[in-house]
There are 4 protein chains.
Amino acid sequence: MRQNKISFSSDYTKGAHPAILKRLAETNYDQYDGYGTDEICNSAKEKIKRICGCDKADVFFLVGGTQTNQTIIDMLLEPYEGVLAADTGHVAAHEAGAIEFSGHKVLTVPCMREKMQNGAAMYSDTIGKIKADDVRTWIENFYADANHEHMVFPGAVYISHPTEYGTLYTKEELTALSKVCREYDIPLFLDGARLGYGLMSNRTDVTIKDIAELTDVFYIGGTKVGALFGEAVVFTKGFPGKHPVPVIKQHGALLAKGWLLGLQFDTLFTDDLYFNLGRNATEKAEILRKKLTERGYEIFIDSPTNQQFIIMENSKLEKLAEHVRFGFWEKLDENRTVIRLATDWATTDEDLEELFSYL
Amino acid sequence: MRQNKISFSSDYTKGAHPAILKRLAETNYDQYDGYGTDEICNSAKEKIKRICGCDKADVFFLVGGTQTNQTIIDMLLEPYEGVLAADTGHVAAHEAGAIEFSGHKVLTVPCMREKMQNGAAMYSDTIGKIKADDVRTWIENFYADANHEHMVFPGAVYISHPTEYGTLYTKEELTALSKVCREYDIPLFLDGARLGYGLMSNRTDVTIKDIAELTDVFYIGGTKVGALFGEAVVFTKGFPGKHPVPVIKQHGALLAKGWLLGLQFDTLFTDDLYFNLGRNATEKAEILRKKLTERGYEIFIDSPTNQQFIIMENSKLEKLAEHVRFGFWEKLDENRTVIRLATDWATTDEDLEELFSYL
Amino acid sequence: MRQNKISFSSDYTKGAHPAILKRLAETNYDQYDGYGTDEICNSAKEKIKRICGCDKADVFFLVGGTQTNQTIIDMLLEPYEGVLAADTGHVAAHEAGAIEFSGHKVLTVPCMREKMQNGAAMYSDTIGKIKADDVRTWIENFYADANHEHMVFPGAVYISHPTEYGTLYTKEELTALSKVCREYDIPLFLDGARLGYGLMSNRTDVTIKDIAELTDVFYIGGTKVGALFGEAVVFTKGFPGKHPVPVIKQHGALLAKGWLLGLQFDTLFTDDLYFNLGRNATEKAEILRKKLTERGYEIFIDSPTNQQFIIMENSKLEKLAEHVRFGFWEKLDENRTVIRLATDWATTDEDLEELFSYL
Amino acid sequence: MRQNKISFSSDYTKGAHPAILKRLAETNYDQYDGYGTDEICNSAKEKIKRICGCDKADVFFLVGGTQTNQTIIDMLLEPYEGVLAADTGHVAAHEAGAIEFSGHKVLTVPCMREKMQNGAAMYSDTIGKIKADDVRTWIENFYADANHEHMVFPGAVYISHPTEYGTLYTKEELTALSKVCREYDIPLFLDGARLGYGLMSNRTDVTIKDIAELTDVFYIGGTKVGALFGEAVVFTKGFPGKHPVPVIKQHGALLAKGWLLGLQFDTLFTDDLYFNLGRNATEKAEILRKKLTERGYEIFIDSPTNQQFIIMENSKLEKLAEHVRFGFWEKLDENRTVIRLATDWATTDEDLEELFSYL
């Protein structure tokens, strides 16, 4: 049963690429060892290590994004340390306190830089991104403070790529961040819940190998990029502790039938499927933005990825809502609203045509 | 690719009932709202409430067992309270400290009562079960202790049904436990990770309606009984707090594509599928036990459910291991070992035949 | 042995009022029950309840400020709730993550409003204070956000009085805050680590009875106001839970010889000693500020309490540092630094004379 | 005001040795730096290191026992590790879940070995003590379990000396425990809340130097042995992490006026005061036991330290309770009760005389 309206509200409204469903069916009665110790997981791990160009990496698979952020951050930090993040970062704003639940403070850096455009406040293109200099200043101020032993130590830096606003770090920015982190011996963690859509943007110079080289840990989002669920965590220089399994388990994050995760990533990393799915979404987003601009709609954030933020007259919005589901983002002024339209790995030309017919 | 050996090592080695895979494929491009707010979840919840006979229940779906135990227990307890459990209970022994991770002590009641049989120590049939009297005594001793405000308060009682040893509570035992808990205003929580195999034992008088009536919260295990993953939590008298969602989220337990859980339970609770799958495993286990007894094998624990515990000569064990995967349970003496053979929702007569051919 | 320099660096550099030491000596071999169940604690509690004008209050005694903030906030919040505080608040900035350690997020409201004065950025007089409107806006925005169940719920409001910058809430401001909190059924918690210095300011209209009426819980700081250590917690409408003792204990905050706390507060609340000690510090601070202004020093924050923030030329600062210990606060510009000079319950005219001799 | 009855109920019913009160008075208006960074703390630390014979030790001072246990154990453990302790240990039984509050499981070893004596069940002399073999067996079983990554890892061993039952480890036992711990690279932590009474028993061969050599961390109890409050933590081989201060602070355990702790320990470790106070209690306990035995009272546990456990006829008990406060321990049978009588650093011959007059 198809819902009565087409939805561009988010990139997690559909199931999985058919190749995954097919393989689930094919292997349904094969019997696998539990908890990710099976051979499909091993195969997927090897593929990911090869694609990342890091033989020494430790890879494991978790179920969802908040769970992954919470587990990784807890793995990285000493109890007295917090994680430095953009104040717009998912861990800071939209995870119901999952980081604090495991005892750590999220130390925030303001990332909502505004600029004026056509008489309205607009976010700059760097929205959602932490700058290397911000991190350096934060850390230097911290250690310069005579009372810093009474404060929360910076123990890791969290960035999302793409960010929650669809923006991307450049290779130069990422390199600078990595440099600061290494200078202070603080691990850099990249949340790649939408990584496929970042890697396949036509406006990025960052590859997955760059990310593997420049970060200490990142994850490859499956939930939003073609899998039913699942995030592949890559500790690029090897896991920094001794025992990841009990940590994952005590976070309630160890899937019994772990091969279901391995199978999905093994499929996604066969014949470049993950990248092709990523490209579909960003290409469709480019078309979407181009068409909307042609039709006179104003773009709120110039996003190079699958999330597009559009300024809509409220009068038009109500009409659109009769046919299309979209993400309400924020009220811009009395008459205008910012909405989010997200394409995904399965968005078709027909979907776009249907959308445009209502715009 | 089928693994080279047939496995009776556990009940989570296979995928899901084909009806689930079929429905996943059918709905793959339908677009659903996230986080369990979709209509399939609603349908599944209604079916579960009907089957349980409790209109006032609150139902939600989580991904795995440890996650579910941790989240529910944290929902039930005040920070200064612990959960009373059998020392053999999953939460006490095999969850890597997930309960303590969320700040709560597991208060244990010894449940490894031994008896001698044929010159060897054998567990009694009550292994893994808490008695109502044990709970009463524990609580009375607690409050009788002048220092009890310096101790961990009992805030909930956890039982598993079937237990980790395959045993089952009788309706009388469950009623007695429920009575004690209500007397002291302490919620009774039943871990039903293998509930289907308990309900469909031919040696039980406990129905799902009994459980819904006698407990405050329980869950219906999907992972081990026909689903890819998923546990359906039933707060039988309604959720005792205000906001389950942020609690679930901060435990990293809120699945983005929540309808995947709803879809599985909606399928399992259509046309009695869940019960039929449960029956398959227990019937196969009965055959297994009967045949083994006939062939002179000694049964270690007289389990009425899908897990069978067999005493094996070590010499025979090695030979069996060449063809069959099984669960190593414990060393009984120099020459003998206890193994676990688990049937499941998909075990066939052919599987049993193959197994018997090696015994 | 007196240290070689006089110190105005903080208000916790000396022991306790002699009346406390005297009573410690007198009762040294009396034998008291432990953990605050003794008669001196009871006497102190009654005195505090009387002075606060709240018969229904529950009073207990803890050892130090961070411990008290952590314990009270944990008592007030559900696990999925955070505490709203000024970003300058002690719980947000200077407690090493003690609030997050017990699982809760500190939700911050910006309170470093700047103004320009004589060409330099100066803090406004409202520095360190939360406005009722800020709280209202925060809460309304939270509930207006469609995703608020994925965010940290506001579960309590924390204010400090005096604030970390020596400023004070007016009765009007406190009343407005209280009103908003009650409107949303969120408890208001006042950190009174320096309460005596706030109550006895000559520029306040807030009494301890006002505080007892307008807040849900506050504490009367002893450590900084005449006691060796100790904070008296007052739940003005009664303790909201069932068992404060195990919560205090599990926070490591239950003093074995609890009567030592009771004895100090019983002494402080005999013959208005606490208020007299408070007045000494604020009177001395007034003299200090007046003299410094006369001598041409610039006041950085116009504090009506015992902490005075002064702008010093760096050249003069070095000379002063040879004779006096003071608190380094922040670098204002290349040539000037802000320092903190704190008077206390025991500051004498001679102390001030000595200080002035170096200025 | 002296309470109307003499009390032998515990060893924390009185203030402090007069030398401490005297020094508090003498230094009252000296001004010290906060948080334990002062010169008295430094002096005390040096004295303790000298007495322990360990130059490399890191010493710091906390306020109370539960706080100290919680903080040290949290310092020793990885998040997925628990602490191995006697099931009678303070951390296991009487700290309101303070260890679990900081996320760690207490892994218990049964220590209530019973023996029959005169027709009644009696505890053996090893009550409250962990044996090296028990630890070895526990750890070997853990690692032998194929599922141990799903269980709580043993990360530290906790012992108390004297134990909660007044018993003492021999040097041989302590050496054996230390050997096992080092073999498995697990730190050994000794809770010395009553250390002075253990060291000065006339039935011990364990010195403070032995403890410093054989453990990784221990603490010297002040609260129960002559101080108003305070526990001196000794990391015998140096602090194993980087930053103890923020960890202490986030446990709410950093005393603002830290010198109050340093002053007490500096006094206790001047002219052997700590040891003399310890000896007083154990000598008085010896007299107590001898007299009671002479008068036909039965000793329940043969304790070589300041806590004596006596079997009393209930009829006599009531009469005794009219004049003396004592610790109710447990009901032995219908007619008899076990009580605890504790001597302390200040118990006098007159106190004993008064007690004997009622027996």
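Helices (H or I, at least four residues) and strands (E, at least two) are DSSP runs, numbered from the N terminus.

**Entry: where I am**
I am reading a predicted model, where local features need pLDDT of at least 70, side-chain atom pairs count only at pLDDT 80 or more, and totals for chains, interfaces and linings use all residues. Residues are numbered from 1 along each chain as its sequence is written, while chains are lettered from A and ligands numbered from 1 in the order in which they are written.

I looked up Tyr35(A) and found it in the loop between α1 and α2 (39-52) of chain A. Its phi is near 65°, a positive value in a residue other than glycine. Is Tyr35(A) buried or exposed? I use this rule: a residue is buried if 20 or more other C-beta atoms, placed from the backbone, lie within 10 Å of its own, exposed if 12 or fewer, and partly exposed in between. Tyr35(A) has 20 other C-beta atoms within 10 Å, so it is buried.

Next I went to Asp272(B), in the loop between α11 (259-268) and α12 (273-294) of chain B. Asp272(B) is not a glycine either, yet its phi is positive, at about 60°. Asp272(B) counts as exposed because it has 12 other C-beta atoms within 10 Å.

Then I checked two prolines. The peptide bond from His161(A) to Pro162(A) is cis, with omega near 0°; Pro162(A) sits in the loop between β7 (153-160) and α7 (171-183) of chain A. In chain D, the bond from His161(D) to Pro162(D) is cis too, with omega near -5°, and Pro162(D) lies in the loop between β7 (153-160) and α7 (171-183) of that chain. A reminder to myself: most residues other than glycine have a negative phi, and most peptide bonds are trans.

**Entry: inside**
I noted a nonpolar core, meaning a set of buried Ala, Val, Leu, Ile, Met, Phe, Trp, Tyr and Cys residues joined through C-beta atoms within 7 Å. Which members of the largest core touch the most others? Of its 446 residues, they are Val234(A), Val234(B), Val234(C) and Val234(D). I call two residues in contact if their C-beta atoms, placed from the backbone, lie within 7 Å. Leaving aside neighbours within four places in sequence, Val234(D) has contacts that include Ile48(D), Ala57(D), Phe218(D) and Tyr219(D).

Val135(D) is in helix α6 (residues 132-144) of chain D. It counts as buried because it has 24 C-beta neighbours inside 10 Å. Beyond four places in sequence, Val135(D) touches Leu84(D), Ile130(D), Val157(D), Leu177(D) and Val180(D).

**Entry: between chains**
I found 46 residues of chain A in contact with 46 residues of chain B. On the chain A side, α3(A) gives the most, with 4 residues. That side divides into 21 nonpolar, 19 polar and 6 charged residues. Here Ala, Val, Leu, Ile, Met, Phe, Trp, Tyr, Cys and Pro count as nonpolar, Asp, Glu, Lys and Arg as charged, and the others, Gly among them, as polar.

Last, I superposed copies by least squares on the C-alpha atoms of residues with pLDDT of at least 70 in both. A rotation of 180° with 0.0 Å of shift along its axis brings chain C onto chain A (RMSD 0.0 Å). That is the relation of a two-fold axis. The same surface serves both copies, as 100% of the contact residues of chain C recur in chain A.
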